[in-house]
Each structure stands twice: as structure tokens, then as C-alpha cells.
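The sequence and the coordinates are shown first, and the description follows.

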Amino acid sequence: MTVAVRIIPCLDIRAGRVVKGINFENIIDAGDPVETAERYNTEGADELCFLDIDASYENRSATLSTVEAVASQVFIPLTVGGGVSKLQDIERLLEKGADKVSINTSAILDPSLVGNAAKKFGSQCIVVAVDSKREGEKSYVYTHGGKNKTAFETSAWIKIVESEGAGEILLTSMDRDGTKIGFDNELTFSIAKDLSIPLITSGGAGSIDHMIEGITDGKADAVLAASIFHQKEITIAEVKDGLASKGIEVRL
Amino acid sequence: MKVGIIDYGASNLYSIDRSLRYLGANTLIIDEPNKLKEVDKLVFPGQGSLGSAMSHLKKIELLEDLRTQLKEKPFLGICLGLQVLFSKSEEGDTQGYGFYKNEISMFPPDLPIKVPHMGWNKVFIKQDHDLFTNIENDTRFYFVHSYLLKDFDEEKSFSTTHHGIEFISSIGDENIFATQFHPEKSGEAGLKFFDNFLKWNP
């Protein structure tokens, strides 16, 4: 009787192609973005997330063309992130067919960007991506693709962007990213329990059970994964069947 | 047949344009009054705030001509395009076109739900309508909104949806149909809905 949990495959984009790599190295071509997007759409993806992993000027325009090509063929919500640093970047992405834009490093450098973007384009299209890493009992926000530690504790930072007007939080556990041992549900739950806006959990998904736990234990509204879907280890349809078997609402 | 898409300055009208063109429709973006004459059907996209939409329409001198055409041409309002038909909204003290007197309100703050209501939710079809042809009851469509229509005439309410509370997710009245959900982001179901709109002859 309520809104379905969302399954969101994430695609890394570079120079107009889908790429994959391990820890940002050994990046290899993984296909055409439109074909990949169509495949995920057919499998039942509820949204698509594109991450522009190379923010150079030439490739930025390639990304815009990619967004436009995908948006002309696949009619589900598209979130695009990577190197978004000013209102003009957001405007261009939305014009080309993005529905939401994810902001990460630039939000830390200037938190008012979130507020200004929410005012201009509406909260619903501003996703704040938060890369979080544990340090003892605490978790801190990192920027620049996980390279630079900030002084912000994860929960405090998310409160700030929520009050600035972010429409959604994409929370990635750097400790779990790529490990396939499951989401950091303790972290996710500690954030989700006090959050009024939707939360997407990311980092660590390796099985259908992990997806289920992200929802039941982490209390996330959506789960995001890249490599397990790319490598066809599990399909989106299998994840949805698994969630549905636990009584979790999904779009089948 | 040409479909006009109203440009009120702050919306995702291009997603609607792309969906309609994907289905083979002829479209025209309406950003000044003269273009209204060239189109047979109208779509009012959804996104942004009611206040800025109304003031932008006034600025480009579309407000009054559109009011007349709204009663004549097959009209599809999406999200804000539904809310704009009503007289008032809790979103600021803005006046919409005021064809209907019910109020557009916020999701009650005490509900254990996330707002905006964002994602795929079921549309319970209460009455048949040409725009729901070949769309099964309880199909999920994509929603993104913080304001809603809680009460409306039974005869003009075509579907409801539940997110914490039940609200009206589509209304219809002669040449007018309007949805709280976004067909342009609702995958196959949305394309089917748009195809029905293109064939619609109220």
C-alpha cells in the first residue's frame, strides 16, 4: 500500500561510453550507454544513475550527449552526477534529460549550492551524494571520489544538506564499496531513522540477501549497485523477486 | 495532429516532449500565445512551484489565452499541471486557474512517510477512462511531489494512490485529464498512457 523500494543500477560513464574499473584503475570499456540503459530498463530498473568519472571539458560534453541519447530511448528517472559544481552544470544536465542531479564534492566546498539549486530547480531533482568512511565510532564525509577527508561527521553533514533542501541522499559506505559483503546497515539505519527525505544506500552489495538487509535493517528507501549488475551476477528481476518474497513492496 | 507543451519556464517539459516524439507525435513547445492556435491538444508539464508557473504564464501573456483553450482542447495536466487547475494551494498563497475549488494541501507532517513522495506507486483506477485503456488496475507509475489533492468530486476522480494517506492521483472532466504521477517517467505504463492521450477524442 505504499511506494515501492527502488532498485537503481549505477553506470560509470567516460567519454560517452560505459566503463568499469577496479578502484578507479584498469578502466575498460563495458558497452554502449543506451544499450546498457535499455537492458536495465527491460530488467525492471526503477531508475538509472550515471556517474561521469572523468570531468574534463571534452568528456563533459560527451556526457551531455550520452544523457540526451539515453533520455530519448528510456523513459524512467535518470540521475546524473560527477563534477557538478555550479547551477549552470545542473541546468545543462536537466535540459538534456536528467531528472535529478547528484552533487558531492561541490556541496562540501559550498553548501549553499544545495540550497540555491533546490530553490531554482526544486528539491526533487537535487540528490546529495555522501561518501562516508568509518574511523573508530565515528564516520566522516570524504570528497573528490573518496580521496580527501573532511571535518564533517556523516550524520551532521546529512542534517545540513537536508535543511538546505536536498531532495534525496545517496549514502555510500567507502568501507564496504567493492567488498560485496553487504551494505553498512548500521550506518544507514543511524542516518535513515532521523531523515525526512528518501535515502539510497550504496556500497557493498554482493547478493540478493544484502539488498533485502539494506531495506529491512538499513531502512533505506532505495538500493544502488554497480558491479553485481554489470557482471550479471544477479539480475534486477531476481533482486525484486527476493524483496517481494519478504513482503517488501517492489514494482514487478 | 499536433500536441502543444506549455513552457512555463521551470519544468521538465523536454522529457514529455521526448516521450511523445518517441511515440511518433508532432509536438510544439508553447512559449507565446500565437503558438496556441497551431496545436490540437495541450500538455501542461509538472515541476516547479505553482506561484512561479502562474507568474511566468502571465509574463509571457499566455495566462488568459490558455484559460480559454483549457476548456476547448483535449488537455493533459501532469503533477503541477493538475494543481494549476485548482483555486488554491498551501504552497504559498498562490491562486491557480480556479476551475475547481478544492485545496491542494501538503502531506500531513505527522505521518511516518518520506516527503517528497518519490518513486513508483500503485494507481487504483476507480473509473474507466480512455486514458487508462489497456492499463491494468494497480499499475505502478512514477510520482514526485510534496503537495496533493485529498478530496474531490467522486464523478471526476479517476484514480487514487496511497502514501501515508489516500489521495486523488488523477482527475477527469470532459476535455480535461490530469495526473499527479509522471507518465513521462513511468516506463512502459507511461508510454501506454501517452499513447492513449494521443488517440483520445473527448
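## Report on the predicted model

A:Ala15 is found in the loop that joins β1 (6–14) and β2 (17–22) of chain A. The model is a predicted one. With 16 other C-beta atoms within 10 Å, A:Ala15 is partly exposed, because a residue counts as buried at 20 or more such atoms and as exposed at 12 or fewer. A:Ala15 and A:Ile208 are separated by 193 residues in sequence, and their C-alpha atoms are 32 Å apart in space.

Residue 208 of chain A belongs to helix α8 (residues 208–216). The buried residues of this helix are A:His210, A:Met211, A:Glu213, A:Gly214 and A:Ile215. Among the elements of chain A that cover them are α7 (185–192), β11 (199–202), β12 (222–225) and α10 (236–245).

Chain B contains 5 helices and 12 strands. Its radius of gyration is 16 Å, close to the 17 Å that the globule rule gives for 202 residues, so chain B is as compact as a globular protein of that length. Along the principal axes, the C-alpha atoms of chain B fill a box of roughly 45 × 40 × 30 Å. Of its 202 residues, 48% count as buried. Among the contacts in chain B with a separation of 6 or more, 67% come from residues 24 or more positions apart.

The contact between the two chains involves 26 residues from chain B and 25 residues from chain A. On the side of chain B, the elements that give two or more residues are α1 (13–22), β7 (117–125), β8 (139–145), β10 (157–163) and α5 (187–199). The table sorts the residues on this side by class.

| Class, side of chain B that touches chain A | Number |
|---|---|
| Nonpolar | 9 residues |
| Polar | 12 residues |

The buried residues of α5(B) are B:Gly187, B:Ala189, B:Gly190, B:Phe193, B:Phe194 and B:Phe197. Seen down the helix axis, these buried residues fall within an arc of 155°, so they line one face of α5(B). What covers them includes elements of both chains: α1 (33–43) of chain A, together with α1, β4 (75–78) and β8 of chain B.

Methods:
Residues numbered from 1 in each chain as written. Chains lettered and ligands numbered in written order. Predicted model: local features only at pLDDT ≥ 70, side-chain atom pairs only at ≥ 80, totals over all residues. Helix = DSSP H or I, 4+ residues; strand = E, 2+ residues; numbered from the N terminus. Rg over C-alpha atoms; globule rule 2.2 N^0.38 Å. Contact = placed C-beta atoms within 7 Å. Nonpolar A, V, L, I, M, F, W, Y, C, P; charged D, E, K, R; others polar. Arc of directions from axis to C-beta.
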